[in-house]
Structure formats: C-alpha cells, structure tokens
Amino acid sequence: MDIEFIDGVSGKDIPRQGTLPAIPFTHLPSFTPPTWSPYGDHWDLLWIGHCGMHFPFEDHPTIPKGHVIRLGDDTVAPKKDLWTINIPFTLKEQYPEHTRAYHHVQEGVCSLGRAVPELQANQDFFASFLRGDVTPWKHKDYLLAAYLTLLDPENRNLGLLEVASNFADNVNRLKQKHSRIQLMPESRTLTVFWLYHVKLGIHAMSMFWNCDAYLGQFKRIFHFTPELMNEKLPESYYSPDILRSEYAEKFWMLPNLRELLEPHRYLNADFRREFVKKSEGDPDQLLRFAFEVVQRYLRPGETRRRSWFINLAFAVLQKQIIRLRSMKLSVPQYSETHAYFNLQMVHAALSQLLVVGKAKEVQEMSYALFRETFCISPTAWTTHYSPKLWDSLKARAAFVPPDLKPLPDTIHLPHLKAEPKEDVEIRNESFRKAGLIPELPSLETLDFHQAVLLEEAKSIKFSLTPSEVTTHAHLLRYIHTHIDLASRTLPPDDIPSLAAQHLADLTASSPLPSAHLSFYIDLVLNNLKLHPNLDYHPPIPNIPFKPSYTDPKTKKFIRFHNCSCRKGDDDEVTLAGGDETADKDFEEVGDEWEILSHDTLQ
C-alpha cells in the first residue's frame, strides 16, 4: 500500500500511526534550529537508553501524536538485533529495515542511559551551593559557583564588591558545614580577584560570540580564559606579602605585580595577547602612586611645600620597589626620573581642576576616572624621552630633563570649564561596580600616608583633649594615648566601655565626622581583640615584703614567697602548692643562690 506523507511525498508500505500522517525526515517543515546542540539545551532529561516503549496511543488525551520517519538510516540496527519488552513492537513489525522514528513516548520501560543537560546540572549545583551541600569542593567547583553567582538575576545589577560579599558568605557557610574543607575564611582580595577574572571570561565569551552568557555555558569560558584553571594565578598578580597580609584578608586590594586586564580597552584580536603577555610589573604603579601623592598635597588648607611631600613620597616608593624586586626581579628598578615625570604629569592635569574651581573633584576623583578624564597612560614618557635616556643609570640616580619634548606645566582640557553632566561620585560608580576601585590603596600609598602622619605627629603634644582633635593625625594620636596605651593596664573586658566613652567625648567636641571617628576607633578595637595584651596581669595586693636572710643557727638560706599567691606568714619558704622542701626550688651557683621565677615555682 502507498502511504501519503503530510507534505505530499509518497512512501511505500509505511503504515500511518494514528490519525496524523508521518513527516518524512528528508522533507522536514521549517523550524527554529537549535542554538548550541542538535538536541537542544533547555530540556531537563535526555532519555537515551530503555527496554522498550510505544508510539502514543490514539486514545491518549495529552501526548502529542506527531512523528517523523527516517528511512534507510544505516545507524539503526537490523531488525534481527532489535528487542523490546513492549508488545507489539511497532517499529520492527510494521516498518522497513533501518527505519528511525522520532516521536513522543508512551509506556516507556527502564532507564538504561540518560543525560542531564549542563544547564540543569548547573542549576542543581547552584541550589546545592546555596544550601552549603557541595562536596567535594575543588577549584573548578569554586569557579562554577562564582560563574553562577555572577549570572544570578539577583546579582546582575550589583557591583562586583557587593557580589563578592554575597559569594564569600555562601562559601564560608559551606566551609563551616563541612569540616574536611579548609576552614579559613575567604580572603576578600582573593574572592574579588577570582570573581573579576570569571567575569572577564564571561565578558570575552559574550564579546566574541556577540550574545549574552547563560547558565549552561560555563565550560566555554575556558576557551577564552584557560588560565582560570590555574589555582596559583593570583601569585602572578600579587607579591606573597600582600597575599598573606591582614590587609588582603579584609579588603580588596589591586595587584602590585601586573595590571588587571580591562577588556573594553582592547579590540577582540588583542584580548588574548594582552592577557597572556609576560608581566614586567604593574605599568600603572608609578602613575597611580603619583596621583595619590598629588591628591594629598592639593588638599584644601594644606600649607606645607610640595617638595616636602615629594621627598617623603620618593623615599617610600624606593623602599617598596626594592622590596618588590627582592621577590620578583622582573619589576623595573627604581628611577628618580620615572617617579618625577609621572608626578609632574599628574600635577599638570589636576592643577587645572583647581584653576576652574573644582578642588572638590580633585579629592573625590578615583585613579580610574582620572585616567579616563585626562587620557594619560603609563607610556606617556615616550613623547618626552628617548628610551636610551629613560632607562639610563643617570636617570635612575637623579631627575634628568627630557631630550625630546619639555615637560608640560599644564594640561589644558577645554571641556573642564563646563559643568559636568554628572558629579564625580556618579562617574566613579561605574569603575567601583567593575571592581577597579580598591577598598584599600597600594602598600606604597599606605606607607606614604603613614610617613606624612608620623612627621606631623612630631609636632602634636602627647595628650590631647577631644576638642583639640581637628585632623586625622590628631585622632590617631588621641586613640594611641587614650585607648591603645590605656588598654595595657585594663582587663580586656573593660576596653570596649573605655573606647565607647572616648567616642562619645570626641563626637561631642571634635569637628571630624562621627563616621570617621567611629570607623578608626572600631578598627583599633578589632586589632586589640585580635592581638590582646598578653602581659596584662591583675593588680598584686599590697602584701608586706619579707626579705631573705640566712638563719645564724642552722646556716640555712631562707627566702619568703613575696607574691599574691602567698598564704600565711611562715618564716620559711611556702609554696602555693604546699611543697615543704624549699631546697628543691633553688639552684646553687657557686657561692650564690639563684632564685627560680614565680612561674617556675607555680
């Protein structure tokens, strides 16, 4: 018999299954092709192994009856090798050899093979991660959890630092629930670092394929950033002292060995080359440090000379570069010319903001916004110096003038005279959300501010009243005198109340913002809790002192136990433990007696 297919193509001896005619595989109607795989990606379960099943029965009210028939499919086993539990075996009994049928299933039996799509597997993994039920917990699991966290709709509008806080909370909960996982809390710097680079892989994937990433594409980011699989990747960005520091544990710090790649700076073809290029130190180190120094001496009300700040800054920078080179020789050597050039370029730019009355912008501007606004790059020296002079020993030892083009006194940007459409805080926000503004500056910047404060502290009297605390240096001196030093003679439980009283006094009398006061007092309190004064002992009661002597009759040396644990007024040595043999607690050295310490006696 001839069977009419749905599109009019004739088939021979092909039975109709139900009331709907079959669709020939060679004449499929138009349809939306799968996006990524021939089987689609949004199914929950692919059932690829079974013991038998039926075409949908005609009387079933819900199962679709449509089906596609493919004749002459050599990948289908011959009829003699087909077997099923279900009877009748329609495909074997009513269709020609090597026929493949695509249809919905009724009365499927067994589950000898199945596949779960990456999308569904990732959704299940993320649900387990949020519950703290992922074991074992390996580096790839960490990356997958970071990837899914970044794509979570609840996090898509958050900045990277906010997402990092949520992610670290979930990881710490997982660690606490499973004792076999390392219990150390997540380092703030490492958490943001890994999230930044997973996000970098997502961005690269979306940029190259011109489509948005989704949950089922995790494995594809390794095509663009395979370095993610290297657990030691942070070591190529950070020196060991930073990674081990309390700073990095609590705050997000930018790398100090190489820069973070910002993909929007490069064309598609340049992305991988920039990501894998050999690191020779952070190219932004000098320019960023110069920006911090100029910002400091351009503060409103500052009266000290520019040269005073520069001398402190150069001494700090030289020390930090020498320290870095002791760990990684590829870091460029310190050069007085390099340092002064960058400082002069930043000064020429920021001083123009002062000229147009924007002193507030100078103090609020981030380094990332500065670079975007003035378009000054770490390679700006090439316009002014030849490589021979720039890298010379003479340039390292002292500042040498440029040999190509004089240093600018000002950098004119006409658009600065107009009011900006958005204030600095709003313009900074995009960089903050991307993770390009650190929570704590570089070590050289911290050391520079410390050097300034220590020099300033030399002129501050030791004991200040709350009303005399008018600067940050005054505040640190006050905290050191009234809280840090005072805490050394107090029981640990009394220190918080002492700090609370001084905070109240400062808030009432000091012109500094209360949030500023509270933050630094809390910071000192936390450090006192982490590093308690182990030398503190309760005050010793006033016990009459009894001197040692030699008994004239027995010629025996007698020493009284003069401390708070002494009991009674015995004429001979009395130990807290009740030991009656004093001689055991002394050692003879020549003609002298060496008295053992009280701790030893105890």
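Helices, labelled H, and strands, labelled E, are DSSP runs that are numbered from the N terminus, a helix having at least four residues and a strand at least two. The model described here is predicted.

**Helix H2 and the residue after it**

- Helix H2 covers residues 118-131.
- Seven positions of H2 may be listed by name as buried: Leu119, Gln120, Asn122, Phe125, Phe126, Ser128 and Phe129.
- An α-helix has 3.6 residues a turn, so residues three or four places apart point the same way.
- The partners against which the buried residues of H2 pack are helix H3 (139-151) and helix H4 (160-177).
- After H2 comes Gly132, which has a positive phi, near 80 degrees.

**Nonpolar cores**

- In soluble globular proteins, nonpolar side chains tend to be buried together.
- The largest nonpolar core of the model has 99 residues, and within this core Leu350 and Phe370 touch the most other members.
- Helix H5 (residues 188-209) supplies the largest share of this core, namely ten residues.
- Which residues does Phe370 touch, not counting those up to four places away in sequence? They are Phe291, Val346, Ala349, Leu350, Met365, Cys375 and Ile376.
- Another core, of 16 residues, lies apart from the largest one, and its members include Leu464, Ile479, Ile483 and Leu528.

- Asn342 belongs to helix H12 (residues 336-355). Its relative accessible area is 6%, so Asn342 counts as buried, the limit being under 20%.
- When neighbours within four places in sequence are left aside, Asn342 is in contact with Leu286, Leu287 and Ala290.
- Gln295 is part of helix H10 (residues 285-297). This residue is also buried, with a relative accessible area of 10%.
- A polar atom of the Gln295 side chain lies 2.7 Å from the backbone oxygen of Val362.
- Gln295 touches Val362, Gln363, Glu364 and Met365, when residues up to four places away in sequence are not counted.

**Salt bridges**

- How many salt bridges does the structure hold? The number is 21.
- One of them joins Arg100 to Asp73, with the closest N and O atoms 2.8 Å apart. This pair links distant parts of the chain, 27 residues apart: Arg100 is in strand E7 (residues 100-103), whereas Asp73 is in the loop between strand E6 (67-70) and helix H1 (90-94).
- Are Arg100 and Asp73 buried or partly exposed? Arg100 counts as partly exposed because its relative accessibility is 28%, whereas Asp73 counts as buried because its value is 6%.
- Another salt bridge is formed by Asp133 and Arg131, the closest N and O atoms of which are 3.2 Å apart. Asp133 is partly exposed at a relative accessible area of 34%, and Arg131 is partly exposed at 47%.
- Asp241 and Arg323 also form a salt bridge, in which the closest N and O atoms are 2.1 Å apart. Asp241 lies in helix H7 (residues 240-243) and Arg323 in helix H11 (residues 306-327), so this pair ties together parts that are 82 residues apart in sequence.
- Asp241 is partly exposed, with a relative accessible area of 23%, and Arg323 is partly exposed at 21% relative accessibility.
- A network of salt bridges links Arg296, Glu302, Arg304 and Glu456.

- Strands of a sheet pair through backbone hydrogen bonds, either parallel or antiparallel.
- The pairing of E3 with E6 is parallel and extends over two bridges. Ile23 stands opposite Val68, a residue of E6.

Notes
Residues are numbered from 1 along each chain as its sequence is written. This is a predicted model: local features need pLDDT of at least 70, side-chain atom pairs count only at pLDDT 80 or more; totals for chains, interfaces and linings use all residues. Side-chain values use heavy atoms; hydrogens and water are left out. A nonpolar core is a set of buried Ala, Val, Leu, Ile, Met, Phe, Trp, Tyr and Cys residues joined through side-chain atoms within 4.5 Å. Buried means under 20% relative accessible area, exposed over 50%, partly exposed in between (1.4 Å probe, protein chains only). Contact means heavy atoms within 4.5 Å. A salt bridge is a side-chain nitrogen of Lys or Arg within 4 Å of a carboxyl oxygen of Asp or Glu. The expected span of a helix is 1.5 Å times one less than its number of residues. A polar contact is a pair of N or O atoms within 3.5 Å; within protein, one must be able to donate a hydrogen and the other to accept it, and residues adjacent in sequence count only if both atoms are side-chain atoms. Two strands pair if DSSP finds at least two bridges between them.
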